[in-house]
Amino acid sequence: MPQGRGSGPQFFFMREPQLTLNPDRFPEVPDALHSRPEYPLPDTSLRIQPCGCLLVLDSALSRILQCSANTGLFLNAPAETLLGEQPAQVLGRRLTGKLRSELRANERLSGPLSLQKEIDGRKTRLQVNAFRSGTIVVVEVEPITPLGNRRLMGTVNQWLTRLSRAETPDSLMDTLVTGVRDITRFERALVFHFDGEGHGVCLAENLAKGLSPVLGQRFAASDYPAEQREKFAVREVRSIPDLNAAPVTVLSWQTVSEATVARIDASGTVLRAPSRRQRNFLDDFNACSLLSIAIVGQSGLWGMVTCISETPTPLPPTLRDAARTLVSMATQRLFLIKARMESRFLLQVQESRDCLVEDVRAGLSPAGMLDKYGKDWLSLFRSDGLACVNRGEISAYGATPPLKSIARLARGLAHRHGQGAWASSRLRHAPLAKGLALNGCCGLLAVPLPGDDAQGWLMLFRPEHDRSFYWAGRPEADALISTPAPGQDLHRTFRTWQEEVRGTGEPWKPVECQAAVDLGEDVALVASASEITRLNQMLRGEQQALAMANDKLREAVSHDSLTGIWNRYRIEQELDKELAKARRQKSPFCVPLLDIDHFKQVNDNQGHETGDELLRHIACEVTGVLRQEDAIGRWGGEEFVVVSTGASRVDGLILAERIRKAISEVSIKQLPEGVTASIGVATWRPEDSRKELVARADKAMYAAKTGGRNRTETDQGL
Ligand SMILES: Nc1nc2c(ncn2[C@@H]2O[C@H](COP(=O)(O)OP(=O)(O)OP(=O)(O)O)[C@@H](O)[C@H]2O)c(=O)[nH]1
């Protein structure tokens with residue numbers, strides 16, 4: 001808390017004005033001014049500080065409509081002699097012409113102008129600032145006090161160089177407060193930043209020995225209402241060299257209508273007298289002088305540099321402008337550093353996204369993505385947990401709420417789908433998390449995954465981030481007095497109050513939300529590519545199964561399931577083909593039909609299984625003794641038909657004997673003595689149908705059976 005150090009000397013600009021006024025109408029004007037009560041000048045509500053004087057001109061800069069009561073001190077012309085006169089009389093023709101031409105196109109001068117006056121026999125340089133406000137022009141005049149031995153330019157340049165070398169916001173702010181204090185000689189220089197709720201946080205401080213620091217303290221938004229902050233972002237500078245210096249009245253020319261007087265808004269002046277709010281703020285610090293310079297970013301007032309002293313601090317416009325130059329340089333540097341930090345972050349996210357997109361072909365599922373990139377993403381987004389809800393499936397990585405809660409969160413977010421990211425650092429208090437187990441997660445950044453089902457989300461979770469806020473005064477108490485009743489004293493006791501903030505996560509930055517939205521788009525892309533890959537794989541699997549089923553079907557249609565050789569249907573086809581060929585080419589062929597002898601006994605004695613095994617062996621052995629171009633098929637039961645293409649009767653007989661021999665050599669474990677077969681060989685005749693041909697082979701086979709079995713007969717003579 002700042003400590004008082006006693007009151008300082010009176011402000012040096014305060015001199016006795018020359019004008020005399022009615023004390024009833026101008027009670028705040030020092031007594032010396034009230035010696036001419038008959039002087040009927042209309043009062044205005046505007047008061048200025050006595051360190052300069054002010055003129056209000058008409059739009060064409062041809063008349064002085066109003067002026068502060070102290071013009072005599074600075075312009076060598078008492079107020080009553082100026083009202084209604086031409087400004088050129090007091091400002092000179094050249095300066096008035098310059099003002100006129102600059103303010104023709106612009107609202108404000110591009111830079112201050114200067115004026116020289118001889119006051120009390122001494123040449124005095126004055127700084128002139130002017131701006132348009134509606135139909136009037138406000139001109140402020142301040143003396144440029146010599147700075148003695150101070151080499152202001154050199155000092156400013158040194159600080160500008162140091163600011164340009166700062167690499168982090170913290171070092172920049174530290175350099176800024178040190179530089180501004182060095183130039184202005186205030187006792188304390190601070191940087192305040194306004195957070196999202198309008199509270200001011202002291203981020204940097206440079207102060208004289210013996211003063212208590214306020215670094216890190218927070219000032220409630222009610223200390224500096226939003227409307228004031230907005231105005232300050234435009235005005236940019238507030239200077240109060242001496243809070244206790246008596247304000248000077250601004251007087252109006254009698255012919256100026258009351259309506260015009262009422263419309264005059266000179267709140268943009270540097271010289272305007274301190275408001276009650278500013279008085280209270282300075283009282284809190286036991287201070288009596290102030291200089292505030294706004295730090296304005298693209299989205300408005302980011303913060304301000306505030307200098308205060310417990311004693312009056314003369315602040316000639318040159319020093320004020322020098323401090324302003326430092327702040328303006330630091331502002332540019334601050335947003336540059338921030339932009340660089342953000343683009344570094346975005347670049348890292350982009351690199352991760354590039355890797356992810358390369359995985360499109362790999363068909364990485366959401367769970368696979370979290371496994372592969374989860375660690376990187378958590379570190380990039382300063383989070384502890386990640387979840388992906390996609391097509392009803394939930395994948396989680398790191399410290400997240402239970403899957404059930406994630407599903408409920410996704411359902412709660414569903415109506416927001418397509419509206420962009422949803423972020424909270426107080427998840428526990430969000431209606432959508434009501435009653436859910438959160439496993440200590442306090443921050444959630446959820447981005448919708450673009451897609452057909454409009455239900456997908458990428459979620460980032462942050463843990464609880466305990467913080468202690470040190471408030472300069474109790475915020476609730478301030479809120480109570482922010483709209484005081486008339487006459488109520490705005491002053492409050494200045495003391496710090498510690499607020500322990502629990503149950504919240506670290507707030508999400510806008511750039512993090514944007515990066516998460518971009519990442520979500522890629523996650524959705526890879527997830528849908530993975531879905532397509534999965535469907536394709538399924539389709540390929542199904543196609544393979546279908547092909548196998550077709551093969552099996554084809555096999556079943558043409559092959560005998562027990563022996564694996566052709567079945568009757570297929571060997572009949574082969575017979576038909578061979579018959580057609582033989583007819584066409586007049587080429588002979590013969591058909592050996594073989595039947596296992598006493599096969600029933602094998603079944604009866606050794607069992608059906610053994611019978612089957614024997615059939616398989618016989619089919620295999622017989623196939624083995626056939627030529628490549630011959631075909632064999634199971635005709636039924638223990639009967640087999642061979643089609644021996646191009647074979648004559650003799651060839652057929654030789655083949656049949658080879659077959660018979662092969663069968664007689666078949667032996668299996670259960671039937672070591674083996675079996676024999678009887679074979680009937682039919683030879684093609686030109687008039688043959690399939691039926692006739694096979695019937696002759698069958699007859700020949702029966703002849704072999706009846707002839708004693710284990711022998712071959714032909715159809716000769718049949
Ligand atoms: N294990 C097995 N037996 C079969 C199969 N198909 C037919 N059989 C049997 O084969 C036997 C054929 O018997 P039979 O027609 O009496 O002829 P056989 O016992 O071989 O006597 P002959 O032909 O006169 O030498 C029957 O017992 C059928 O049940 C089969 O796929 N597996």
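The following dialogue reads several features of a predicted model.

Colleague: How many helices and strands does the protein chain have, and what share of its residues is buried?

Modeller: The secondary structure of the protein chain comes to 19 helices and 25 strands. Of its 718 residues, 39% are buried. As for contacts between residues at least 6 apart in sequence, 65% join residues at least 24 apart.

Colleague: Is E2 mostly covered or mostly exposed?

Modeller: E2 is mostly covered, as five of its six residues are buried.

Colleague: What is the order of the strands in the open sheet of five strands, and which strands stand at its edges?

Modeller: The order is E22-E23-E21-E24-E25, with mixed pairing. Strand E22 (631–636) and strand E25 (712–714) stand at the edges; each has a single partner strand, so one side of each is left without a neighbour in the sheet. From one strand to the next, the twist averages 20°. E21 pairs with strand E23 (residues 639–645) in the antiparallel sense over five bridges, with Leu594 opposite Phe640 in E23. Helix H17 lies across E21, E22 and E23, and runs at about 150° to E22.

Colleague: Which residues come nearest to the ligand, and which elements contribute to the shell around the ligand?

Modeller: Of the 15 residues around the ligand, the nearest are Asp597, Phe599, Lys600, Gly611 and Gly637. Strand E21 (589–596), helix H16 (599–606) and helix H17 (608–625) each give two or more residues to this shell. H17 gives the most, with four residues. By class, the shell has six charged, five polar and four nonpolar residues.

Colleague: Why does Ala656 count as buried, and which residues does Ala656 touch?

Modeller: Burial is judged by counting neighbours, and 20 or more C-beta atoms within 10 Å make a residue buried. Ala656 has 28 C-beta neighbours inside 10 Å, and therefore counts as buried. Ala656 has its place in helix H18 (residues 649–664). Setting aside residues up to four places away in sequence, Ala656 touches Pro592, Ile679, Val681 and Thr712. Ala656 and Val681 lie 25 residues apart in sequence, yet their C-alpha atoms are 7.3 Å apart in space.

Colleague: Which residues touch the most other members of the largest nonpolar core, and where does the largest share of this core come from?

Modeller: Of its 46 residues, Leu176, Val177, Val180, Val305, Ala323, Leu326 and Val327 touch the most other members. The elements that each supply at least two residues include helix H6 (169–184), strand E13 (300–309) and helix H10 (317–358). The largest share, seven residues, comes from H10. Beyond its neighbours within four places in sequence, Val305 is in contact with residues including Leu176, Ala189, Ile293 and Val327. Apart from this core lies another, of 45 residues, among them Leu356, Leu364, Leu413 and Leu460.

Conventions: Residues numbered from 1 in each chain as written. Predicted model: local features only at pLDDT ≥ 70, side-chain atom pairs only at ≥ 80, totals over all residues. Buried ≥ 20, exposed ≤ 12 C-beta atoms within 10 Å, placed from the backbone. Near = placed C-beta within 6 Å. Nonpolar A, V, L, I, M, F, W, Y, C, P; charged D, E, K, R; others polar. Contact = placed C-beta atoms within 7 Å. Pairing = 2+ DSSP bridges. Axes fitted to C-alpha atoms, helices over the stretch in contact; angles between N-to-C directions. Core = buried A, V, L, I, M, F, W, Y, C linked by C-beta atoms within 7 Å.
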